[in-house]
Amino acid sequence: MISIKKKYYGFTYTELLVNIVIVNAVFITLAYVHYQIEQDFDYETNKSEMINYGNHTLDLLSNELTRCVEYDLDPNPGSSYNLNITYNDSDNDGISERRKFYINLNTGLYEVINNGQLVPLDNPYNPRDGVNRLKYEITLFDINEPDILIWSPNANAARRSSCDIVMEIDLYDNMCDINSENCNKIETLRFHRTIFLPLNYLM
């Protein structure tokens, strides 16, 4: 009788183990690249959101302060401020127009209407994502006279009728949850405007 033996071809255990190691290495590498791309995308999205918010906020306040006669920034206990702006009496009724803004480092900028209700600006401040992780935080807001020494009396009068608005916002990575005390700050965005108050200068 003729004995026919079948031959089976395939991987040896060593080759199979090597293939598993290679596939796992490729998978881990791709997962890490995907994670980094996701991190970078989230960061750039948050940064763009805050650049738009910071510029919009300072542009709005700059427009209001440019038209005002005087302003007063009062700090509150904690991390908030009241900004009171007085305008010229355009109606000639003896009553100056006033607007009030409320700035909270945790919740953003609001206008205060007659009944004390806080109305957020049309560009809302949303510092937390969908799972309540902190994306960014306003760490500084201030309005002051420009810190420039000028010897000319007229120039000094113009300086006193000007103001600097400064706001700083810290950007964090997406690992900063609500219970984190030491969040990883990636970058600080600084926004600055120098404004001349012509009606204040003419008074």
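## The largest pocket

Let's start with the largest pocket, which holds about 150 Å³ of space. A pocket here is an open set of points on a 1 Å grid over the protein atoms alone, where a 1.4 Å probe fits, with protein on both sides within 12 Å along at least five of seven lines; lining residues have an atom within 4 Å of a point. The volume is the space filled by probe spheres set on the points, which are joined across faces, edges and corners.

This is a predicted model, in which local features need pLDDT of at least 70 and side-chain atom pairs pLDDT 80 or more, while totals for chains, interfaces and linings use all residues. Residues are numbered from 1 along each chain as its sequence is written, and side-chain values use heavy atoms, with hydrogens and water left out.

## Who lines it

Among the lining residues are Q39, D42, Y43, N46, R133 and Y172. The lining divides into 4 nonpolar, 3 polar and 5 charged residues, with Asp, Glu, Lys and Arg counted as charged, Ala, Val, Leu, Ile, Met, Phe, Trp, Tyr, Cys and Pro as nonpolar, and the others, Gly among them, as polar. Helix α1 (residues 13-66) contributes the most, with 4 residues.

Helices (H or I, at least four residues) and strands (E, at least two) are DSSP runs, numbered from the N terminus. In strand β4 (residues 108-112), 4 of 5 residues are buried, meaning under 20% relative accessible area (1.4 Å probe, protein chains only).

Strands pair if DSSP finds at least two bridges between them. β4 pairs antiparallel with β3 (residues 98-104) over 5 bridges, and K100 stands opposite V112. β4 also pairs antiparallel with β5 (residues 118-120), over 3 bridges, and Y110 faces P120 there.

Conventions
Buried means under 20% relative accessible area, exposed over 50%, partly exposed in between (1.4 Å probe, protein chains only).
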